[in-house]
Amino acid sequence: MTGAGPKRANFPQMANAIRALAMDAVEAAKSGHPGMPMGMADVATTLFAEHLKFDAAAPDWPDRDRFILSAGHGSMLIYSLGYLLGYDGMSLDQLKDFRQMGSKTAGHPEYGHAPAVETTTGPLGQGLANAVGMAIAEAHLNARFGDDAVDHRTYVIAGDGCLMEGISQEAISLAGHLKLRKLIVLWDDNNISIDGPISLSDSTDQLARFAASGWATCRVDGHDPAAISAAIEKAKSSSQPTLIACRTTIGYGAPTKAGTSATHGAPLGAEEIEGTRKALDWPYAPFEIPDDVLSNWRDAGARGGDVRAAWEKRISADKNCDAFKTAMSGDYAGVLTKAIADYKKALVETPQKLATRKASELALCVINDVIKETVGGSADLTGSNNTKTKDQNPLSAENYAGRYIYYGIREHGMAAAMNGMALHGGVVPYGGTFLVFTDYCRPAIRLSALMGVRVVYVMTHDSIGLGEDGPTHQPVEHLAALRAIPNLNVYRPCDGVETAECWELSLKTIATPSVIALTRQGLEQARLKQSGENLCARGAYVIAGKDAEDVTLIASGSEVSLALKAREALKQDGIKARVVSAPCFELFASQPESYHKEVLGKGPRVGVEAAVRQGWDLFLRRKDAFVGMSGFGASAPANELFEHFGITPAAVAAEAKRLIG
Ligand SMILES: Cc1ncc(C[n+]2csc(CCOP(=O)(O)OP(=O)(O)O)c2C)c(N)n1
Ligand SMILES: [Mg+2]
């Protein structure tokens with residue numbers, strides 16, 4: 001299918017090139033992980049020289065196979081490959097600058113820095129779960145656009161650490177259930193992690209474990225290209241995802257340290273490196289790659305060129321070419337603006353009392369109609385998160401064209417899969433659970449933010465307002481914890497209109513993920529006037545009492561209606577209060593000082609949010625007041641809880657009066 005590429009007889013020296021670059025770069029940086037790239041060099045060589053469908057000249061080719069280095073500490077493997085295969089921008093100097101300021105060769109692979117890095121890895125297990133999302137995206141787009149446009153595989157290199165992490169179970173079982181047959185995991189089965197042999201901490205039969213989740217499995221000698229190649233060939237025609245256990249020696253070639261954890265995460269040292277050069281018959285200077293070896297690698301890098309050219313030709317003649325390009329571009333500003341504006345108009349004309357989770361569903365009906373790429377889902381809380389719209393069918397092994405994923409009770413796996421889907425492109429993932437369980441997917445949310453990918457987290461039951469389920473289910477510190485993550489927009493809309501606006505912003509913000517925190521309980525509509533503008537776009541705005549200067553009441557979400565009621569109560573006493581709705585702290589923080597002054601006014605300020613105060617310094621000064629939570633919630637009907645914890649219009653009004661004096 002792809003061009004010829006280098007002969008297998010050359011693989012041992014090609015693999016040694018990876019080994020040498022890895023040990024030399026780690027030595028130069030005085031830190032890093034040589035053992036894994038040295039151990040997996042034969043597997044990587046076989047994969048890239050014989051199987052992976054890619055073209056080093058076109059790293060963004062949509063129909064390329066995806067390669068994920070889940071064991072991200074082995075970053076020198078992917079950087080060496082980048083240079084050897086001839087990816088633009090991955091020079092030898094970059095390898096010499098491994099782990100240095102401003103280089104593309106960061107300690108762990110960072111998405112968007114070096115070419116061929118499809119996702120940021122390092123937190124073990126994430127890459128494996130991202131790959132599941134990529135394979136889902138591929139299956140979905142294949143069902144939508146056909147084999148001519150989309151037909152590629154997802155390969156993963158995972159280590160013992162990836163397989164031990166809990167997230168791997170969520171990823172593996174989801175992939176097996178969905179029969180993601182184009183997903184192939186190459187496990188670096190080296191029996192070593194940092195503390196020593198795997199037997200110190202684990203005795204799982206991994207093949208049995210994967211098989212139990214519906215995977216095809218096999219075991220090969222990870223230093224035998226013929227065996228590796230045969231296993232990959234077999235995996236390609238499997239009807240299930242495949243695990244190939246590659247038995248390897250960590251630090252392969254190092255005379256005294258190979259096979260031990262000493263090679264895992266430290267430079268080998270001058271003497272050991274000299275011994276390795278001898279053992280591998282690699283008499284070249286550091287960073288020197290002989291011409292014949294480099295030319296074999298460059299052949300491997302170019303062997304997909306013809307296949308890509310044929311694909312380019314096919315896609316431009318395809319009747320769905322425009323739809324495919326629209327899907328891959330991911331830009332929906334045009335269609336969204338009008339659809340949301342029309343919908344907001346209808347909401348203002350017939351105000352409704354709605355839980356914002358229900359408002360989110362209504363907004364999604366509008367969105368899913370105009371954006372064909374949204375793929376929704378929930379971690380077993382579909383009816384609570386209101387994430388499924390009527391016309392969405394389940395995405396399943398029988399119907400990959402479906403646009404709704406039943407992720408099961410796998411919050412972490414869901415979040416990481418959504419990262420993979422967003423990275424793959426062509427789909428726009430959103431998924432829900434309870435806000436309190438953002439803790440169960442926080443590592444993946446953090447990576448969405450670090451990578452700058454558009455994933456929308458639909459997080460309902462956002463406060464004590466969920467009531468009877470009690471403190472285990474009531475988030476109090478979660479808004480603060482999420483707001484602490486850089487490059488994450490945390491939205492907490494107060495009614496149906498704001499919910500629509502927050503959704504619009506989430507989808508238009510391509511390089512920033514979003515969390516939309518939504519209520520279980522019904523809320524009166526606060527926005528009763530038509531506005532063509534998206535008022536949430538600046539993060540906070542005056543919703544009532546524009547010129548009032550006695551006191552400023554600032555609230556988010558369900559507490560906006562409390563603040564509005566407090567304003568009425570204060571009016572009875574001749575006090576003029578303005579109310580600021582603050583649906584997104586991050587967007588407000590990015591506004592100029594002049595806007596902050598204009599919105600917040602001159603009076604003392606009272607912040608209101610059924611959560612802890614941390615993070616409210618954006619709005620409140622030392623002398624200002626906060627009405628919210630200072631500990632965990634309790635199990636009781638919501639109304640009683642708000643009374644019990646003193647989050648009421650009367651309490652807000654009392655604080656306002658105290659400040660005015
Ligand atoms: C979530 C997470 N926990 C801990 C670490 C630190 N860490 C990096 S590599 C590693 C050991 C991984 O073992 P294995 O995957 O077998 O790698 P090998 O030593 O074989 O290269 C650990 C604990 C991490 N990167 N991510
Ligand atoms: Mg290991």
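A: Buried means under 20% relative accessible area, exposed over 50%, and partly exposed in between (1.4 Å probe, protein chains only). This is a predicted model, in which local features need pLDDT of at least 70, side-chain atom pairs count only at pLDDT 80 or more, and totals for chains, interfaces and linings use all residues. Residues are numbered from 1 along each chain as its sequence is written, chains are lettered from A and ligands numbered from 1 in the order in which they are written, and side-chain values use heavy atoms, with hydrogens and water left out.

Q: Which way do the residues of strand S18 point, and are they buried or exposed?
A: In a regular strand the side chains alternate between the two faces of the sheet. Strands (E, at least two residues) and helices (H or I, at least four) are DSSP runs, numbered from the N terminus. From S18, Ala 577, Val 579 and Ser 581 point one way, while Arg 578 and Val 580 point the other way. All of these are buried. S18 spans residues 577-581, and five of its five residues are buried, so the strand is largely enclosed by the rest of the structure.

Q: In which sense does strand S17 pair with S18?
A: Two strands pair if DSSP finds at least two bridges between them. S17 (residues 551-555) pairs with S18 in the parallel sense over five bridges, with Ile 554 opposite Val 580. Strand S16 (residues 541-544) runs antiparallel to S18 and is joined to it by three bridges. Here Ala 544 stands opposite Val 579.

Q: What is the order of the strands in the six-stranded sheet?
A: The order in this open sheet is S10-S9-S11-S12-S14-S13, and the pairing is parallel. Strands S10 (404-406) and S13 (489-491) stand at the edges with a single partner strand each, so one side of each is left without a neighbour in the sheet. From one strand to the next the twist averages 20°.

Q: At what angle do helices H2 and H3 cross?
A: Axes are lines fitted to C-alpha atoms, for helices over the stretch in contact, and angles run from 0 to 180 degrees between N-to-C directions. The axes of H2 (residues 35-51) and H3 (residues 75-85) come within 10 Å and cross at roughly 45°. That makes H2 oblique to H3 (angles under 35 degrees count as roughly parallel, over 145 as roughly antiparallel, 65 to 115 as roughly perpendicular and the rest as oblique).

Q: Which residues make the contact between H2 and H3?
A: Contact means heavy atoms within 4.5 Å. Met 36, Pro 37, Ala 44 and Phe 48 of H2 meet Met 76, Leu 77, Leu 81 and Leu 85 of H3.

Q: How do H1 and H3 cross, and which residues are in contact?
A: The axes of H1 (residues 11-29) and H3 come within 9 Å and cross at roughly 120°. H1 and H3 are therefore oblique to each other. H1 contributes Ala 17, Ile 18, Leu 21, Ala 22, Ala 25 and Val 26 to the contact, and H3 contributes Met 76, Leu 77, Ser 80, Leu 81, Tyr 83 and Leu 84.

Q: Where is Thr 256?
A: Thr 256 lies in the loop between strand S7 (242-247) and helix H10 (270-280). Thr 256 counts as exposed, at 61% relative accessibility. Its C-alpha atom is separated by 9.9 Å from that of Leu 268, 12 residues apart along the chain.
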